[in-house]
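Let me put the structure up, and then we'll walk through its rings, its core and a couple of its strands and helices.

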Amino acid sequence: MTRHLYNDEFERMVDWFVERRILMDEDLYPVDLLARRAGEDRPEVLCAFAFCLRAARHGHAGLWLDERTVEMLETDFEGEEEKQALSQKFEEAGMGSWPEVLRESPLVSMVAFKNGTSPEDGYRPFVLLGEDAKPCGDGTPARLVQLKHYLAEEKVAEIISSLKKVQYGPQAEAKLDDWFVRLEQKTGKRLDEKQRQAVEAVLRRKLVVLTGGPGTGKTFTVGMILRAWFDFHRDEPDALRVALCTPTGKAADRMREALEGEDFPEGFAAFLENNRPGTIHRLLGARPGGGFRHGAENRLPHRLVVVDETSMVDLVLMRRLLEALSGDARLVLVGDADQLASVEVGCVFGDLVKGLGEGAGDDPVIRLSRMHRAEEGGKIADLVERICGFDGAHSEDEVLGFICSAGEKGDVVFDETETESELLERLSLPYEEKYLEACKKACESPGEESWGEMLRALGSYRVLAPLRRGKRGVERLNGEIARRLAGEFAASFGGASKKGWFDLSLRWHAGRPVMVTENRYDLGLFNGDVGVVVRYGEQNIVVFAASGENGPLRRFTPAQLPACETVFATTVHKAQGSEFDEVAVVLPSAESPLLTRELVYTAVTRAKKRLFLYSTKAVLRAALARRIRRASGLDRLVASAE
């Protein structure tokens, strides 16, 4: 495979990896350009750089320079021969000598930059961590990191450490006690010990990290934090400038809906209306050409910043947010440390929870563990606790045994269906029962009411899969479900076609559900927003939920929309920040390094009422036994910060 790279030996070395789509053009050409400019011609060094870029594409903040390099690959290799071939190719790529040869490269620095400047002898885009490129004293092996990610880790750890140190005196303890009493008298709501601790912490310190699984009352606690903040600062106009933000527009909508659903007094309701949740990008003032309006040189004016779904925030974005905080701002990070990490580089929230520690009185981390939705969650809640138990996770065999004993009629259903036709039939059935019926009504009686019913039906059920490609990947599942629904739709009208409806020869056919995959602030559409294509007069349009509680549905022509994809099925990563009444989780038929306990946990916790798990016992057991291991140094930096 000829790629005309600067170094012929490097090109031959990476050919095997390129053929198997382990390395991509975006890993090779930047390295090739750097090599030309710096005169670095050692193929094993260039190969290490390429794998460092690949690692970042898969969420790693660097490349471990030991056998974990092979383990970090997210490519499914079946059979011992292929695995042995993989190890052999890494040996041929000089993996064993990487720590030594990288030290001598003009593109690598072992200097701990604190200010982002380059060394005097030229630009070095990579940093080699670990004393003399040997395993660190704590047993951590050497790591090759892109300079931008190294600087981001250092800056995040530095700011988090400075926030952690600031604590305010035990202000008005008696007033706080009175406040909790009055809250219970007025609303009938009593906070559990950890929820109360979170409210008190925000009034007494600059940094609070709130973690907990679904049903533990995170959003309720955020509401109480905001209410306490309002009550104790109602005479300070500047203090009432609060930022509520999330990584995605969908998560912001869910946060807004959850807060609006609470029964708050009039003054506080107005306070919430003035501080509506939005995305982090919008808060920072994202510019069309890149960069943000707010940062270290132009700080945010808010006195309290609350970030929800923090597990989805990547390393670089977290740095930008922290740098933009004003000197007197307090920060509340809310999320689920047991969930999947961000799609982009880093596992920031998990690292912060680990690095800051839990349990000690002066630690800012508060873990909500009491299940407030236990009755509502039933078996799903029991399963969640077994996958990532609060008192120590159960073994994979215990979790698997619980899943298999759940039966076929309960709210957790385990199905080992092997034939693809049976699987597709079962995945399509919930859509046929609700969504397809709503489409038929919209076809015969188009308008806000029937379109709204389509959106509600679509939002009640979702198929989730870990992979985009393959027999059980999202792309194939979307196509097959659409074909089945199109056939059922036509059959319901005696085989007669309905113009624009489920005509799969048209990309924007009526009945197609779509998910936005890019933010468009000018349109009020954000990554993760879901709409449906409907027939309106002689054209097809796309409708999305109203932006306000009682507003009209938002209508767009397909030409107006940013990038979208069909969303009968979506990846588990894309489903983060969303919940559905019923969820079908489809695992691949073979084991994969992508399948982890965190992925299963994230998928399971998307279901509120019923969960269908389609997998073999062997694949599910292997997934439960595997933990995410992302290359990162943030947890150690935070833990060691003084």
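Quick definition before anything else: rings of Phe, Tyr and Trp (for Trp, the six-membered ring) pair if their centres lie within 6.5 Å, and planes under 30 degrees apart count as stacked, over 60 as edge-to-face and the rest as tilted. By that rule the structure holds 19 aromatic pairs.

Some housekeeping. This is a predicted model, where local features need pLDDT of at least 70 and side-chain atom pairs count only at pLDDT 80 or more, while totals for chains, interfaces and linings use all residues. Residues are numbered from 1 along each chain as its sequence is written, and side-chain values use heavy atoms, with hydrogens and water left out.

Back to the rings. Y431 and Y461 make an edge-to-face pair, with 4.7 Å centre to centre and 70° between the planes. That pair links distant parts of the chain: Y431 is in helix α19 and Y461 in strand β12, 30 residues apart. On naming, helices (H or I, at least four residues) and strands (E, at least two) are DSSP runs, numbered from the N terminus. Both Y431 and Y461 are buried, where buried means under 20% relative accessible area, exposed over 50%, and partly exposed in between, using a 1.4 Å probe and protein chains only.

Now a stacked one: F489 and W501, at 5.9 Å centre to centre with 15° between the planes. F489 belongs to helix α21 and W501 to the loop between α21 and β13, twelve residues apart. F489 is buried at a relative accessible area of 3%, and W501 is buried too, at 5%. Elsewhere, ring pairs tie W16, F17, F51, F90 and W98 into a cluster.

Next, the core. What counts as one is a set of buried Ala, Val, Leu, Ile, Met, Phe, Trp, Tyr and Cys residues joined through side-chain atoms within 4.5 Å. The largest nonpolar core has 44 residues, and those with the most contacts inside it are L427, Y431, Y435, M454, V463, W501 and F502. Which residues does V463 touch, leaving aside neighbours within four places in sequence? Taking contact as heavy atoms within 4.5 Å, the list for V463 is L427, Y431, L477, I481, F568, A569, T570, A584 and V586.

On to strand β14, where six of the seven residues are buried. Two strands pair if DSSP finds at least two bridges between them. β13 (residues 513-516) runs antiparallel to β14, joined by three bridges, and P513 has V532 as its bridge partner in β14. β14 also pairs with β15, again antiparallel, over six bridges, with G531 opposite F544 in β15. β14 and β15 form a hairpin with two residues between them, and G537 in the turn has a positive phi of about 70°.

Last stop, helix α3. The expected span of a helix is 1.5 Å times one less than its number of residues. For the 15 residues of α3 (residues 43-57) that should be 21 Å, and the end C-alpha atoms are 21 Å apart, which agrees. In α3, 14 of the 15 residues are buried, so the helix is largely enclosed by the rest of the structure. Just after α3, G59 takes a positive phi of about 95°.
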